[in-house]
Amino acid sequence: MTKTQGATALEPPLSLPDGAEVDEAPFPARIRSQGDLIKTLACLAGLGLLLLLPTFATQTTTGLESDVTRGTEQAPHFLLSLASLTAGFGVLAVPMAFAVDRVVRRDLTRIAVGLVAAIAALGAVVALDAWIEHASPTIIVNALGWTKTGQTPVPADLTPVIAYVTAVRLAGRPRWQAVMWGTIALAGLASLVAGHTTALGLVATYLIGRLVGYLTLYGLGTPNPRPPGAAVVAALDRLGLQPLKATRVDDGTLDHRSYLVHGRTRDLDVTVLDRDQQTAGLFYRAWRGVRLRAHQPRRTVRSLRRSLEQESLMAYAATAAGVQTPRLVATSEVGTEAALLAYTHVEGTTLLDLPDEEITDDLLKGIWLQLGLLHRQRIAHRSLDGSAVLVCEGRPWLVGLGRGEIAVGDLLLRLDQAQLLTTLGLRVGAGRAVHTASAMLGADALGALVPLLQKVALSRETRAALRKDGKLLGALREEILRFYPETEVATVKLERFRPRTIFSIVGAAIAAYFLLTTLGGQDLGKLVTEADWRWAVLALFASGVSFVAAAMMVIGFVPERLPMWRTVAVQFAASFVKLVAPAAVSGIAINTRYLQRMGVRPGPAVASVGASQLTGLVVHIMLLFVMGFLTGSGQPDRDFAPSKTVMLVLLAVGAVAGLGAAVGPVRRLVVRRLKLMFSGVVPRLVDVLQDPRKIVTGLGGTLLLTVAFVVCLDASIRAFGGSLGWTAVAVVFLTGNALGSAAPTPGGLGAVEGALVLGLTVAGLPVETATSAVLLFRLLTFWLPVLPGWASFHYLQRTESL
């Protein structure tokens with residue numbers, strides 16, 4: 001029990017009203033502020049942008065340097081000398097004066113943190129100087145516009161001072177701020193005029209100093225500015241609420257503090273909002289805001305005043321709507337770093353902690369009734385997890401309205417209902433949750449929740465709870481459709497993109513970077529002008545044949561009748577989807593969707609595509625083995641690889657597979673994945689085997705697809721004057737295609753090009769010829785089909801074939 005927790009050495013002890021006391025754990029003397037971390041990342045982003053600036057704005061940076069040079073040449077020499085002398089003296093004298101002032105005021109910790117930041121910044125500049133001097137990295141030299149050797153464009157005297165000023169935190173001391181930053185600016189100008197740095201070098205100096213300062217603050221922590229419970233009690237007393245005892249009741253994991261306050265006339269639940277906690281969860285809110293569509297909360301960046309006004313508004317709006325919720329009694333600032341909201345205390349148990357036997361159907365219906373009152377006034381709760389419902393004497397109360405929204409649209413209200421349905425399902429099961437909800441919502445409203453029962457639409461706490469009961473959302477959907485089988489489920493797209501899309505794009509960008517880096521030293525223009533484009537026409541024709549072959553593969557493994565040219569259009573559409581999905585995923589998804597649209601049931605559709613993929617895999621492996629053997633029987637000085645190498649590779653793969661099969665968990669994982677991928681394949685193959693035309697079409701399409709790609713690659717090689725044995729070309733293609741299918745990048749971007757160039761080079765082609773041939777091959781088989789693929793995709797969507 002404490003009365004003055006949280007007071008610093010420079011602050012007088014907080015006095016409590018007569019007879020009042022506070023029960024809370026001691027406050028930490030220093031805390032890590034999320035704001036410092038955000039500013040650190042902002043400085044890193046600024047440095048990254050600075051490195052890229054000369055690449056995209058060369059004329060701008062050059063013009064800036066020229067303007068600065070002309071301006072300094074026209075300035076009077078006497079003024080420049082005076083400014084240089086003043087800056088050289090002041091850049092050290094002013095920080096020392098501030099340090100003396102803080103020592104006199106016994107604020108030694110602040111100065112110690114500033115010195116740590118200054119020493120760290122000096123070390124960073126020395127390391128950067130050594131790196132530039134010995135390695136001379138082009139990206140750094142270009143970014144800073146530096147051409148002199150033996151010097152660094154990042155002044156070693158300014159960076160530590162900037163880090164020091166950042167770490168000592170001059171907020172609230174405007175005079176010291178003006179003097180400090182004025183001196184730093186003058187010193188920077190003097191260094192620029194003397195030619196010791198560049199304009200971009202000064203920007204880098206500022207960012208590095210700030211970066212080190214904020215990083216030091218985050219690592220060592222800052223003095224805790226949060227007012228303790230004694231200050232909260234004192235603020236309540238000034239409001240006339242006569243507090244006697246305040247007890248901290250939260251566990252410290254929330255973005256606010258909670259106190260149970262016993263008063264002379266009534267008890268209160270007090271919520272304290274701390275200023276430094278308003279940045280908590282910023283990255284999560286920003287990620288949700290970017291990933292999800294516009295119906296998500298718009299308050300990514302929050303201030304203390306805005307949070308206080310928002311929660312107060314929600315409390316008053318809910319009370320006016322007739323909802324059973326604790327009444328807001330008073331609000332107040334607590335010093336300059338916090339604010340409080342005092343509610344009437346309701347003695348009850350949260351739904352999360354309520355015993356199972358006390359959760360009756362009447363209680364569940366009462367919860368839906370309270371939510372209905374809220375929604376009638378277009379108010380969304382936005383956080384209806386198990387802690388948002390308080391049960392007092394069998395009656396539900398809605399609490400935790402701070403994240404709510406007013407004047408919302410229908411979609412937010414439906415998301416509220418989906419959230420509550422999931423919360424209730426976690427407590428009482430899908431059956432009871434849907435049964436009680438149907439009595440209160442009706443068929444239409446309940447059916448509209450089916451597409452919204454997605455994890456991404458739920459709160460973080462609910463998603464965490466669903467990890468223990470992963471089948472609940474599916475069970476809720478099934479229960480709703482069992483109650484109302486005639487319900488039409490409309491698709492609702494809540495996400496702008498999925499995380500795996502980001503990974504694919506990043507992977508593609510990295511692959512493209514390495515590919516362009518590899519090609520940067522090649523004289524491709526000369527090869528292109530000397531190419532024989534008659535072979536390129538043949539390669540283009542072979543690329544077109546490959547889409548017909550892919551359509552034959554699909555048609556051959558589907559007993560139902562499919563239109564040929566529409567199926568070809570589907571393969572073009574799959575080439576468009578490859579831009580945002582791995583090659584092995586896009587074709588399966590598009591073809592499965594197409595078969596379902598053509599009347600094939602989901603199970604057989606997946607099995608048909610799986611049968612096609614399984615047959616293609618078997619044929620691919622057989623062709624790779626046969627072609628590798630035939631290649632080794634040719635001329636070893638000309639062709640790709642001797643058969644011994646191929647056999648050793650196959651034996652190594654077999655050994656790895658055998659070791660994996662010997663490990664129980666690995667074997668079970670592979671078997672489970674194969675069952676999911678190829679479940680139902682055997683019955684579909686049996687159906688296909690009963691029709692010889694289907695067998696010929698399917699196997700013929702599989703072989704024709706490989707032949708078309710091999711011909712396309714061979715013609716691309718010959719277009720640039722190269723020549724290889726057809727078996728060697730086949731081995732190179734089969735190997736590169738296998739790597740492309742396994743790569744997580746869209747269309748195997750990067751992996752296919754690298755494997756093909758390497759294979760052709762090892763086979764005996766010059767690297768320039770191999771590179772040009774692969775680029776032409778990928779242009780014809782990956783990039784060129786994108787435009788007709790896009791047109792096919794939209795056409796198939798308009799005709800409801802996808």
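Reader: Is Arg 248 buried, partly exposed or exposed?

Author: Arg 248 counts as partly exposed, because its relative accessibility is 25%. Buried means under 20% relative accessible area, exposed over 50%, and partly exposed in between, with a 1.4 Å probe and protein chains only. This is a predicted model, in which local features need pLDDT of at least 70, side-chain atom pairs count only at pLDDT 80 or more, and totals for chains, interfaces and linings use all residues. Residues are numbered from 1 along each chain as its sequence is written, and side-chain values use heavy atoms, with hydrogens and water left out.

Reader: Which residue forms a salt bridge with Arg 248?

Author: Asp 250 does, with the closest N and O atoms 2.5 Å apart. A salt bridge is a side-chain nitrogen of Lys or Arg within 4 Å of a carboxyl oxygen of Asp or Glu. Asp 250 counts as buried, at 14% relative accessibility.

Reader: How many salt bridges are there by this rule?

Author: The count comes to 15. Among them is the pair of Arg 378 and Asp 410, at 2.6 Å from N to O.

Reader: A change of topic: which residues are buried in helix 31?

Author: Val 786, Gly 789, Ser 792, Phe 793 and Leu 796 are buried there. They fall within an arc of 115° seen down the axis of helix 31, so they line one face; the arc is that of the directions from the helix axis to the C-beta atoms. Helices are DSSP runs of H or I with at least four residues, numbered from the N terminus.

Reader: And what is on the other side of helix 31?

Author: Leu 787 and Arg 798 are exposed there.

Note on methods: Helices (H or I, at least four residues) and strands (E, at least two) are DSSP runs, numbered from the N terminus.
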